[in-house]
Amino acid sequence: MSIHDMYQEHILEHYEAPYHRRTLPNPTLECRDLNPLCGDEVCIQACLDEQSYLVEVGFEGKGCIISLAAASMLMEAVEGKTLADVKHMDREDMLGLLGVPLTTMRVKCAMLALRTLQKAIHRYEEGQA
Amino acid sequence: MTDRAAASRELDVQRIRQDFPILSRTIHGRPLVYLDSAASSQRPLAVIEAVRHYDATSHANIHRGVYVLSEEATAAYEQAHTQVGQFIHADWDEVIFTRNTTEALNLVAYAWGRPTLRPGDEVVLTQMEHHSNIVPWQQVARATGATVRYIRVNAQGGLDLDHAAQLIGPRTRMVSVTHASNVLGTINPVQTLGELAHAQGALFCVDGAQSIPHLAVNVRELGCDFFAFSGHKMLGPTGSGGLYGRREILERMEPFLYGGDMISEVTFEGARWNDLPWKFEAGTPAIAQGIGLGAAVTYLQHVGMEAIHAHEQRLVQHALARLRQMPDVAIYGPEAAQRGGVVSFNLQGAHPHDMASICDQAGVAIRAGHHCAMPLMHILGVNGTCRASFYLYNTPDEIDVLVEAIGDARRILRR
């Protein structure tokens, strides 16, 4: 693996011009979480419609290229999806979105955004129950 | 060879490197450049062989077996305490073996702090502590009603000694500070802080995780009541480490953990405690690792701590000079003369994790992140830093490889 494989053009583009890096005024669900290994943090928000579609999404964060590019790509992927769709996303889905080889430690960077979004959904559903 | 004889000459680094088998391996097809000894150092053959020899010839549980193996194991494990005691100028039975610095500091916080501290008492730390010298004290303070206060770090990356003199007062019961910062590299004036503590009747604890591998440590001259350290940062195995405690204090303290080997007599009603240091080493200890630690200090003494420190000073000066040639690199911490072999830096606009990945591709192992010092990161105004740390086996050429890798990072990350 060359280091250029990890920092491919599309990764750098998402980092430099992230999708929906914004704060939503009235989110239905939100969660802020940290990667305890490095202190990177991400906050993910979403607004739901009556059919549980994620009609608006946004993220904020401080982190490395991989974690922030992953958050940006995740926003693109989940916008317009249902809660159920997002709950079923796993590691393979997230790594598939990134489309670059990652070392074990960097997989944790890549997973931060999805884990945080799923935590937000979990909390939201617990609140509904 | 005595320390003094060793100090009179420069290290023969190429010969030393031959003692460390791992240094001959390659990473991604490039020679390994290991610049993360502040996290964990590599091990020389003398240590690897001491552990192997013990495992292959003498292993049995210590202290209770009445047969040759157990007697050999006991003698070797006790000898390791003697070796470490001599290394830091303490009596052998003032040296308690622990898994690491964290466990040693927890021992002080729990076994000394919990029964001693009262509401209104103060524990004084510094803003540059590792989490392991913050969190145990915060927990003990929560349980006892004591307060934790922090000596400020100044703009040069040193401690604000005026602030220390203000903070350390009649309510102070414990001053616990790092001897050398794992982030900034700063070597703190611990003797001065110890005098401030003792003048107020407080005890003085030193986190020596980053100093004992690199500097000659004399606990009597430092004037500390406790000195905590890790074996795996000083060429020893993981799972080895220790706490020096002044005899009078250790004798008055209750144990930290209770169970086997730490008692002299047990009845159904209660127990009496074993002598030092076993009172604080409950259960079967890490015997092989302790023996490995003994071999590590013998190796360090043979090389000479003054020579090691002088070598690291040259490396730090070279690293600072090379990094300062790059205007987009920020360097944290004091001048070379006030620091050990640690240099934290950031490339403008680049996250430390991305830097470490790119350095890794060049075979260079550096640390990236908050270095278990999140409060200090907050003061520095960063989320994390890149950290290169040096030891006796590193060379200036390796620093040049790091500098090249920073150039790679600038290109790849388009900073």
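1. Into which domains is chain B divided? Chain B of this predicted model has a domain 1 made of residues 3-31 + 304-412 and a domain 2 made of residues 48-302.

2. Between domain 1 and domain 2 of chain B, the C-alpha centres are 27 Å apart. To the contact, domain 1 of chain B gives 24 residues and domain 2 of chain B gives 23 residues.

3. On the side of domain 1 of chain B that touches domain 2 of chain B, four elements of chain B each supply two or more residues: helix H12 (305-324), strand S14 (342-347), helix H14 (374-380) and strand S17 (385-389). H12(B) provides the largest share, five residues. By residue type, this side of domain 1 of chain B has 11 nonpolar, eight polar and five charged residues.

4. Chain A contains six helices and three strands.

5. Along the principal axes, the C-alpha trace of chain A spans about 45 × 25 × 25 Å.

6. Of the 129 residues in chain A, 40% are buried. Among contacts in chain A with a separation of 6 or more, 63% are between residues 24 or more positions apart.

Conventions: Residues are numbered from 1 along each chain as its sequence is written. Chains are lettered from A and ligands numbered from 1 in the order in which they are written. This is a predicted model: local features need pLDDT of at least 70, side-chain atom pairs count only at pLDDT 80 or more; totals for chains, interfaces and linings use all residues. Domain bounds come from an automatic or database domain assignment. Two residues are in contact if their C-beta atoms, placed from the backbone, lie within 7 Å. Ala, Val, Leu, Ile, Met, Phe, Trp, Tyr, Cys and Pro count as nonpolar, Asp, Glu, Lys and Arg as charged, and the others, Gly among them, as polar. A residue is buried if 20 or more other C-beta atoms lie within 10 Å of its own, exposed if 12 or fewer, and partly exposed in between; C-beta atoms are placed from the backbone.
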